[in-house]
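Biologist: I am new to this structure. Could you take me through it?

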Amino acid sequence: MDFDPPETVKPLLERIEKFVADVVIPGEPEVMERGFAAAAAHLEGLRAKCREAGLWGPHMPKELGGLGLSLVEHGLVSERLGRSPIGHFVFGCQAPDAGNLEILHRYGTPEQKARWLEPLARGEIRSCFSMTEPENPGSNPTLLSCTARRDGGDYVIDGHKWFTSSADGAAFAIVMAVTNPDAPSHARASMIIVPTDAPGFDLVRNIKIMGDEGSGWGSHSEIWYRDVRVPEGNRLGPEGAGFLIAQERLGPGRIHHCMRWIGICERVFDTVCRHITRRRIDEDGKTLATRQIAQAWIAEARAEIEASRLMVLHAAWTIEKKGFSAARDQVSLIKFYVADVMLRLVDRAIQLHGALGITSDTILAHYYVHERGARIYDGPDEVHKMVVAKRILARYP
Ligand SMILES: Cc1cc2nc3c(=O)[nH]c(=O)nc-3n(C[C@H](O)[C@H](O)[C@H](O)COP(=O)(O)OP(=O)(O)OC[C@H]3O[C@@H](n4cnc5c(N)ncnc54)[C@H](O)[C@@H]3O)c2cc1C
């Protein structure tokens with residue numbers, strides 16, 4: 001068993017670490033201050049540097065202009081990019097575009113690839129994924145109500161969605177809609193590509209997340225689809241295959257998220273170590289780092305980060321070697337475990353920073369607000385725990 005990153009990617013990882021430290025992190029403040037939409041030109045400048053450095057699209061197949069990394073290799077990259085809230089965006093491998101790119105590459109027709117996939121891969125356009133509805137439980141999407149009925153050679157889509165991340169400024173949405181209402185629950189829905197300038201596509205608002213409505217890529221929108229007409233040729237994959245394709249999208253997506261969260265953990269860990277070794281707390285000039293309560297926490301956090309990384313890389317390795325279904329339990333375990341490790345780490349780091357921790361003078365408050373959703377999206381904790389526990393307990397008849 002070799003725990004070292006493969007020799008083939010080691011130099012790449014070193015270059016990426018350096019690029020993140022020298023270019024991405026110094027480029028953060030403008031985006032944090034102004035928001036993604038207003039900082040678009042600045043972000044484009046950072047992306048241009050990433051392309052020049054030959055680092056664009058680590059997850060993308062080479063024929064699309066990417067680096068063609070495997071799941072484990074991209075996991076290692078994702079951790080390094082996760083050290084900055086703009087890391088994945090600068091490298092062109094941000095959610096939800098990365099997942100959309102994957103399914104367009106696998107299921108897209110030549111026309112869909114030319115119109116949507118290729119400009120997406122080049123970073124010229126953005127996309128979003130529109131499945132969750134305010135009126136129905138996102139944790140059981142088979143209950144969704146949005147419909148796409150056939151009319152001549154078209155689909156006509158009607159429905160109400162929310163939490164469509166990054167819809168603001170996106171060129172198209174991949175919409176999950178019921179096309180086969182009488183089919184079994186997992187075969188009722190299809191994925192349909194909807195250009196955001198189609199008549200009837202109504203972006204109602206960017207939803208405020210703990211007071212911040214965000215903008216551009218960094219936003220989550222409520223959308224009404226009212227009699228939106230698109231040609232049948234905009235369906236992605238076979239009719240009724242929406243959930244099947246969604247599962248394929250979520251498997252690798254959860255690995256990428258978990259590795260990104262580990263990158264966040266490392267950034268937060270560094271931030272807090274730096275702070276407590278400097279912060280004097282008594283008349284003798286001793287620092288917070290001399291207190292056992294802080295030391296115990298540092299040791300526990302280190303153990304949790306190390307455990308998380310091993311679990312996630314093992315899950316990615318299992319998917320690569322044995323396929324997604326062999327890794328199903330592992331993927332559920334990492335999804336709730338790593339999200340919990342990250343969020344407890346962020347919360348305790350804020351505590352150790354005192355009042356400074358809740359200001360925007362450090363990165364901690366950003367993570368506290370914008371990463372809380374990690375325990376909810378891509379399957380809430382409770383659903384993953386239930387699924388794993390049921391499978392384990394079934395072995396005890
Ligand atoms: C930051 C963020 C980004 C998102 N981006 C997107 C996106 O781009 N596109 C998109 O379509 N959706 C997106 N979502 C929506 C996300 O997929 C849903 O929020 C998620 O599936 C949960 O659905 P829900 O919010 O309707 O909660 P519900 O399904 O109503 O569940 C609420 C709570 O009930 C509990 N629960 C649910 N089911 C069970 C159960 N079986 N047993 C026990 N407890 C249970 C859990 O605690 C859960 O958190 C995003 C969400 C967030 C927070």
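**Domains and ligand**

Modeller: The domain assignment of the protein gives domain 1 (10-105), domain 2 (127-236) and domain 3 (243-393). Such bounds come from an automatic or database domain assignment. This is a predicted model: local features need pLDDT of at least 70, side-chain atom pairs count only at pLDDT 80 or more, and totals for chains, interfaces and linings use all residues. Residues are numbered from 1 along each chain as its sequence is written.

Biologist: How many residues of domain 2 are in contact with domain 3?

Modeller: On the domain 2 side there are 10 residues, in contact with 8 residues of domain 3; contact requires C-beta atoms, placed from the backbone, within 7 Å. The side of domain 2 that touches domain 3 has 6 nonpolar, 3 polar and 1 charged residues. Here Ala, Val, Leu, Ile, Met, Phe, Trp, Tyr, Cys and Pro count as nonpolar, Asp, Glu, Lys and Arg as charged, and the others, Gly among them, as polar.

Biologist: And where does the ligand lie?

Modeller: The ligand lies between domain 2 and domain 3, because both give residues to the shell around it. Of the 19 residues around the ligand, M131, P137, G138, S139 and G373 come nearest; a residue is near if its C-beta atom, placed from the backbone, lies within 6 Å of the molecule. Two or more shell residues come from each of β1 (127-130), β3 (154-165) and α11 (381-393). Helices (H or I, at least four residues) and strands (E, at least two) are DSSP runs, numbered from the N terminus.

Biologist: Is α11 well covered or hardly covered?

Modeller: Hardly covered: among the 13 residues of α11, the count of buried residues is 1. A residue is buried if 20 or more other C-beta atoms lie within 10 Å of its own, exposed if 12 or fewer, and partly exposed in between, with C-beta atoms placed from the backbone.

Biologist: Changing topic, which residues have the most contacts inside the largest nonpolar core?

Modeller: They are I157, V175, I192, V194, V312 and M342, in a core of 101 residues. Helix α7 (residues 242-278) gives the largest share of this core, 13 residues. A nonpolar core is a set of buried Ala, Val, Leu, Ile, Met, Phe, Trp, Tyr and Cys residues joined through C-beta atoms within 7 Å.

Biologist: Last one: why does G123 count as buried?

Modeller: G123 counts as buried because it has 22 C-beta neighbours inside 10 Å. G123 sits in the loop between α6 and β1. Not counting residues up to four places away in sequence, G123 touches R47 and G92.

How values were computed
Two residues are in contact if their C-beta atoms, placed from the backbone, lie within 7 Å.
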